[in-house]
Amino acid sequence: DSAKVVNQQIDTKIDSVKQNVVSITKEIHHIDNTITIIKKQTDEKINTVNKFSNAELEFFFTNRYNKSITPN
């Protein structure tokens with residue numbers, strides 16, 4: 001009888017661990033998807049910035065920070 005009780009306790013713990021693993025796996029997949037979305041958005045922004053000429057970049061940053069760029 002005591003072995004049966006111990007086995008049931010172990011089975012209960014195993015089921016709990018399996019549920020935790022499933023939950024954590026779902027969370028990991030959600031985080032991976034979020035990272036993928038952020039990476040795609042970042043890549044799109046980088047590609048957009050890469051299309052700017054030096055003059056356009058200077059204009060953008062000068063207007064954004066209200067400072068002129070002076071050569072060294």
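What percentage of the 72 residues of the chain count as buried? The share is 0%, where buried means under 20% relative accessible area, exposed over 50%, and partly exposed in between (1.4 Å probe, protein chains only). The model is predicted: local features need pLDDT of at least 70, side-chain atom pairs count only at pLDDT 80 or more, and totals for chains, interfaces and linings use all residues. Residues are numbered from 1 along each chain as its sequence is written, and side-chain values use heavy atoms, with hydrogens and water left out.

The chain holds two helices and zero strands; helices (H or I, at least four residues) and strands (E, at least two) are DSSP runs, numbered from the N terminus. The chain is more spread out than a compact globule, because its radius of gyration is 28 Å, well over the 11 Å that the globule rule gives for 72 residues. This radius is taken over C-alpha atoms, and the rule is 2.2 Å times the number of residues to the power 0.38. Along its principal axes, the C-alpha trace spans about 85 × 20 × 20 Å.

Helix H2 covers residues 54-65. The twelve residues of H2 should span 16 Å at 1.5 Å a residue, which agrees with the 16 Å between its end C-alpha atoms; the expected span is 1.5 Å times one less than the number of residues. Glu 56 lies in helix H2 and is partly exposed, at 41% relative accessible area. Between the C-alpha atoms of Glu 56 and Gln 19, which are 37 residues apart along the chain, the separation is 54 Å. Just after H2, Asn 66 has a positive phi of about 55°.

A search of the whole structure finds two aromatic pairs. Rings of Phe, Tyr and Trp (its six-membered ring) pair if their centres lie within 6.5 Å; planes under 30 degrees apart count as stacked, over 60 as edge-to-face and the rest as tilted. Phe 60 and Phe 61 are edge-to-face, at 5.0 Å centre to centre with 80° between the planes. Phe 61 and Tyr 65 are stacked, because their ring planes are at 5°, with the centres 6.2 Å apart. Phe 61 and Tyr 65 are four residues apart in helix H2, and so are separated by about one helical turn. An α-helix has 3.6 residues a turn, so residues three or four places apart point the same way. Phe 60, Phe 61 and Tyr 65 form one aromatic cluster. Phe 60 is partly exposed at 36% relative accessibility, as are Phe 61 at 39% and Tyr 65 at 47%.
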